[in-house]
Amino acid sequence: AQLVAWSIHTSPLSNWPGGSITELTERFLKGVMFFWLIGTLVITKKRLMIFTWTLVLCSIPLAATGVQNFLDGEFVTSRRAEVQRIAGYAGSGIASNPNDLALMLNLLIPITAALLFMTRNVALKAAAALTLMLSVATVVITFWRAGFIALITIVLLGFVALIRRGLPGA
């Protein structure tokens, strides 16, 4: 609430007050309301599991579109570029370019991996594993260096966490 109040009060003092107000009303306040709603509704373990599975399932179209764009040769760079960059997910402003697509998937990869290890149901475990492999493959084919470095960091930190906690089944 304090951050929202600060944003509202300082908008008239910015270099471009009209743009600040537009950014505030079109993106920032919607994001704040969305996260407030999540914090208000996800208050039990069951709701947390439903929410996390929803996030993971929503990552499938993002990753699948990235792989499909790669296979179809839909790139955002010119043919003469050294590295061809795939087109992002056209249905979303959030993941419409390859960098943002890799960022979204990198944010969801640890959640997907956690569900893979937490779930006992074989079908759900398989769904999480396939989603994880699809997401990792998509991050790699975006050819975004920072996305790949983030992916390697996520994998290394995941291994450290597994080693500290004890490998499952050991």
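The legends below accompany close-up views of a predicted model.

In this predicted model, local features need pLDDT of at least 70 and side-chain atom pairs count only at pLDDT 80 or more, while totals for chains, interfaces and linings use all residues. Residues are numbered from 1 along each chain as its sequence is written, and side-chain values use heavy atoms, with hydrogens and water left out.

**View 1. The contact of helix H5 with helix H6.** Helix H5 covers residues 122-141 and helix H6 residues 145-165, helices here being DSSP runs (H or I, at least four residues) numbered from the N terminus. Their axes come within 8 Å and cross at roughly 145 degrees, where axes are lines fitted to C-alpha atoms over the stretch in contact and angles run from 0 to 180 degrees between N-to-C directions. From H5, Val136, Val139 and Val140 meet Gly147, Phe148 and Leu151 of H6, contact meaning heavy atoms within 4.5 Å. The residues of this contact divide into five nonpolar, one polar and no charged; Ala, Val, Leu, Ile, Met, Phe, Trp, Tyr, Cys and Pro count as nonpolar, Asp, Glu, Lys and Arg as charged, and the others, Gly among them, as polar.

**View 2. Helix H5 and its buried residues.** The 20 residues of H5 should span 28 Å at 1.5 Å a residue, and the end C-alpha atoms of H5 are 29 Å apart, which agrees; the expected span is 1.5 Å times one less than the number of residues. Ala128, Thr131, Leu132, Ser135, Thr138, Val139 and Ile141 of H5 are buried, with buried meaning under 20% relative accessible area, exposed over 50%, and partly exposed in between (1.4 Å probe, protein chains only). The buried residues of H5 pack against H3, H4 and H6. Thr138, which counts as buried because its relative accessibility is 0%, touches Ala63, Gly66, Val67, Leu101 and Leu105, not counting residues up to four places away in sequence.

**View 3. The largest nonpolar core.** A nonpolar core is a set of buried Ala, Val, Leu, Ile, Met, Phe, Trp, Tyr and Cys residues joined through side-chain atoms within 4.5 Å, and the largest has 18 residues. Those with the most contacts inside this core are Trp53, Leu62, Leu101, Leu105, Ile109, Leu132 and Val139. Helix H3 (45-72), helix H4 (98-118) and H5 each give two or more residues to this core, and H4 gives the most, with seven. Leaving aside neighbours within four places in sequence, Leu62 is in contact with Tyr89, Ala95, Leu101, Met104 and Leu105.

**View 4. Gly88 in the loop between H3 and H4.** Gly88 lies in this loop and counts as buried at 5% relative accessibility. Not counting residues up to four places away in sequence, Gly88 touches Thr65, Asn69, Ala95, Ser96, Asn97, Pro98 and Leu101.

**View 5. The aromatic pair Phe34 and Phe35.** A search of the whole structure finds one aromatic pair, rings of Phe, Tyr and Trp (its six-membered ring) being paired if their centres lie within 6.5 Å, with planes under 30 degrees apart counted as stacked, over 60 as edge-to-face and the rest as tilted. The ring centres of Phe34 and Phe35 are 5.6 Å apart and their planes lie at 75 degrees, so the pair is edge-to-face. Phe34 is partly exposed at 46% relative accessibility, whereas Phe35 is exposed, with a relative accessible area of 60%.
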